[in-house]
Amino acid sequence: MPLSLRWSREAKRKGRLLKVWWKRPQVSDQVFSTQGILQQVDPYFWREHHFGLPRARWDRLNGCAFWVTGAGTGYGRAISLALAAAGAQVFLTGRRKEKLQETLDEGIALGINIDLCIPVVADISVESDLAHAVEIISQHVSHLHGLVNNAAFPQPGVGPYPLADLSLAAWSELFATNVTAQWLTSRTALPLMTNSGMIRIIFMSSEAGWASTPGFGPYNVSKSAVNTLGASLAAECVEHFPNHDVQVNVLVPGEACTEMNRGSTESPYSVVSMALTLLSHPPEGPNGYFFHRDGRHLAFAYSTAYMKDLLVQK
Ligand SMILES: NC(=O)c1ccc[n+]([C@@H]2O[C@H](COP(=O)([O-])OP(=O)(O)OC[C@H]3O[C@@H](n4cnc5c(N)ncnc54)[C@H](OP(=O)(O)O)[C@@H]3O)[C@@H](O)[C@H]2O)c1
């Protein structure tokens, strides 16, 4: 029986039902935010603003190696280029080679050293593609410091009642990319991260992972599964690799104009400040927590929000 229910029965006996029944846990009443996370940044001025990262945090990324999926468009492109701007080696994965090339072209236009960006064409839902991707990555580095599990599929448009109308094939395709592939990529990348002692994984979720909006059921379920995948992997990694710096977290990027959301006017660079804040965090940072790109720390299901500022200098 949930604790609150036991308390409420106890309270009823004592004639204090309403007072206790409506009392929420203290933590969920608070919205904790990290201050200084930038939202509207012009990527052309990255040398000046470093996407909001203090100099020491920006410098921590220099020389690290990260793998970003869905790096040929949208949020993945923005995060990849910002990591390279900070001096990190970045492995950019997507299925379309020409989109990965467009990311490199954008990097050149932004004055970023794109020699640090290695395109690795792969379908992350295919195990052999991932094995091949690791072969390519291993030709360049002996270890990785982090992974951004960003690639995903929007919900196939089948009308207003997809949970009634979607075909099994379309459901399976959605989950193969949005959930199974994120797990597979993490599993594939873990040995390279244990080599570095640093296990930094960001799972890109969505507000949909908290929602039950009619018309978006399958996508909502896939993002809710990503939330649980991120938190479960975080808990498993910290037990399995007790001597490693494990920080596996879930990031809600909010809306931006990307291939999957042409209707937004927000820039995908709006996610960079929070993504880099998480990836550059010193050891003993958050693990198994949920964050919004605007700096808010979130809770999911029974989890509580992380209650320390992510940018406070140690
Ligand atoms: N934009 C928004 O408003 C919004 C809001 C909430 C959450 N999100 C989340 O943000 C993340 C990034 O999305 P986005 O908005 O940047 O959309 P996007 O531009 O459509 O990016 C999705 C990327 O995933 C790649 N991809 C898809 N399936 C793949 C596969 N099987 N293997 C490898 N790569 C694959 C695509 O490249 P290829 O087709 O070349 O493979 C594409 O580059 C997603 O997790 C999304 O759910 C976005």
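Q: A residue is buried if 20 or more other C-beta atoms, placed from the backbone, lie within 10 Å of its own, exposed if 12 or fewer, and partly exposed in between. Which residues of helix α7 are buried?
A: K99, L100, T103, L104 and G107 of α7 are buried. This is a predicted model, where local features need pLDDT of at least 70, side-chain atom pairs count only at pLDDT 80 or more, and totals for chains, interfaces and linings use all residues. Residues are numbered from 1 along each chain as its sequence is written.

Q: Why do the buried residues of α7 line one face of the helix?
A: Seen down the axis of α7, the buried residues fall within an arc of 150 degrees, so they line one face. That arc is taken over the directions from the helix axis to the C-beta atoms. On the face turned away from the buried side, E98, D105, I108 and A109 are exposed.

Q: What covers the buried residues of α7?
A: The cover includes α6 (74–85), β2 (89–94) and β3 (117–121). Contact here asks that two C-beta atoms, placed from the backbone, lie within 7 Å.

Q: What makes α7 a helix, and what span is expected for it?
A: Helices are DSSP runs of H or I with at least four residues, strands are runs of E with at least two, and both are numbered from the N terminus. Helix α7 (residues 97–109) has 13 residues. After α7 comes G111, with a positive phi near 75 degrees.

Q: How do you know that α6 is mostly covered?
A: In α6, 12 of its 12 residues are buried; among them are Y75, R77 and L81. Helix α6 reaches 17 Å, close to the 16 Å expected. G87 follows α6, and its phi is positive, near 100 degrees.

Q: Why is α8 called roughly parallel to α10?
A: Helices α8 (residues 127–140) and α10 (residues 168–196) pack at about 30 degrees, with axes 10 Å apart. Angles under 35 degrees count as roughly parallel, over 145 as roughly antiparallel, 65 to 115 as roughly perpendicular and the rest as oblique, so α8 is roughly parallel to α10.

Q: Which residues of α8 and α10 meet?
A: From α8 come E127, L130, V134 and I137, and from α10 come L184, T185, T188 and L192.

Conventions: Expected span 1.5 Å × (residues − 1). Axes fitted to C-alpha atoms, helices over the stretch in contact; angles between N-to-C directions.
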